[in-house]
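Dear colleague,

Please find below the structure that I am handing over to you.

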Amino acid sequence: MGDTLQILTAMIIYMAAVIIIGVTFARKANASSDAYFLGGRSLGPWVTAMSAEASDMSGWLLMGLPGVAYWCGIADAAWTAIGLAAGTYINWLIVSKRLRRYSEKAGNAITLPEYFSNRFHEKKKVIMTIAAVFILIFFTVYAASCLVTCGKLFSTLFGLPYIPMMIVGAVFVLIYTIIGGFLAESASDFMQAIVMIVALGVIVLVGTYAAGGLGAVIDNVKDIPGFLEFFGMATPQTVDGVQQTANGVPLFGEAAPYGIISVVSMLAWGLHAHGVLLRCGC
């Protein structure tokens, strides 16, 4: 009960901080449509970069990817990280600068569909419609995955109903976004990025200490076939989806192969990076 109360208190403080950020930026954000949707193109490099990455790497980075690495070894996580690092670097180095300049010249475009439409001087808005449909489909799926994370988190921690918690999470996001626009969203994302960095660092340190030190961790994973391979995967022995143990030690089978298609698929994560460039002050 005490741990649950502490977690709930921390979440309430966090949510209150986000709402305060939204209210703080409300007046400036509502000065114009450009200020509301793009923050007046005035965000600095740190806020831009940190908010973009916090938006892009949210629940799946904190829960999904570590879970995959814990379950199957480093292959998925490592190739995903390599693809994202390369994709992010190339996007910020090449794409974002040009997009930042030409979106202003293309009728001061606020969104990517508007930019493409203005850039090619279309009159029937065919390109705008196609681009908007692509964004609607794929970002709906992505946003849904983030809300799924929220629902699972509250359901696991507090035993609350899964679907209502998803709805609460969606409403909360809508509230602070509508109040403060892009400025509030970016500032809250910057805060979230700091929280994620600190949380991930603390988890690594505390977890390593609890496991008996870095040497003990390395010795443990070396005994798991395929865990430390870039072209292999660990295969936990399960019954009805539950990993089996013997004397408190998790059981694994022989390492499974990790083929070139899997490598390319994980590297391709970098290609999705990052539809948030235009919204991040471009």
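For what follows, a pocket is an open set of grid points, where a 1.4 Å probe fits, with protein on both sides within 12 Å along at least five of seven lines. Please bear in mind that this is a predicted model.

The second largest pocket holds about 160 Å³ of space. Ten residues line this pocket, and those closest to its centre are Glu 53, Leu 61, Ala 193, Met 196 and Ile 197. Helix H4 (45-56) and helix H9 (162-210) each contribute at least two residues to the lining. By class, the lining of the second largest pocket comprises nine nonpolar residues, no polar ones and one charged.

I turn next to a pair of helices. The axes of helix H6 (residues 74-105) and helix H11 (residues 260-267) are 7 Å apart, and the two helices pack at an angle of about 45°. H6 and H11 are therefore oblique to each other. On the H6 side, the residues in contact are Asp 76, Trp 79, Thr 80, Ile 82 and Gly 83, and they meet Val 263, Met 266 and Leu 267 of H11. This contact of H6 with H11 has five nonpolar, two polar and one charged residues.

Finally, Gln 243 belongs to strand S3 (residues 242-243). A polar atom of the Gln 243 side chain lies 3.3 Å from the backbone oxygen of Leu 251. Leaving aside residues up to four places away in sequence, Gln 243 touches Trp 71, Pro 236, Gln 237, Thr 238, Pro 250, Leu 251 and Phe 252.

With kind regards

How values were computed. Residues are numbered from 1 along each chain as its sequence is written. This is a predicted model: local features need pLDDT of at least 70, side-chain atom pairs count only at pLDDT 80 or more; totals for chains, interfaces and linings use all residues. Side-chain values use heavy atoms; hydrogens and water are left out. Axes are lines fitted to C-alpha atoms, for helices over the stretch in contact, and angles run from 0 to 180 degrees between N-to-C directions. Helices (H or I, at least four residues) and strands (E, at least two) are DSSP runs, numbered from the N terminus. Angles under 35 degrees count as roughly parallel, over 145 as roughly antiparallel, 65 to 115 as roughly perpendicular and the rest as oblique. Contact means heavy atoms within 4.5 Å. Ala, Val, Leu, Ile, Met, Phe, Trp, Tyr, Cys and Pro count as nonpolar, Asp, Glu, Lys and Arg as charged, and the others, Gly among them, as polar. On a 1 Å grid over the protein atoms alone, a cavity is a set of points where a 1.4 Å probe fits but cannot get out, and a pocket is an open set with protein on both sides within 12 Å along at least five of seven lines; lining residues have an atom within 4 Å of a point. Grid points are joined across faces, edges and corners, and a volume is the space filled by probe spheres set on the points. A polar contact is a pair of N or O atoms within 3.5 Å; within protein, one must be able to donate a hydrogen and the other to accept it, and residues adjacent in sequence count only if both atoms are side-chain atoms.
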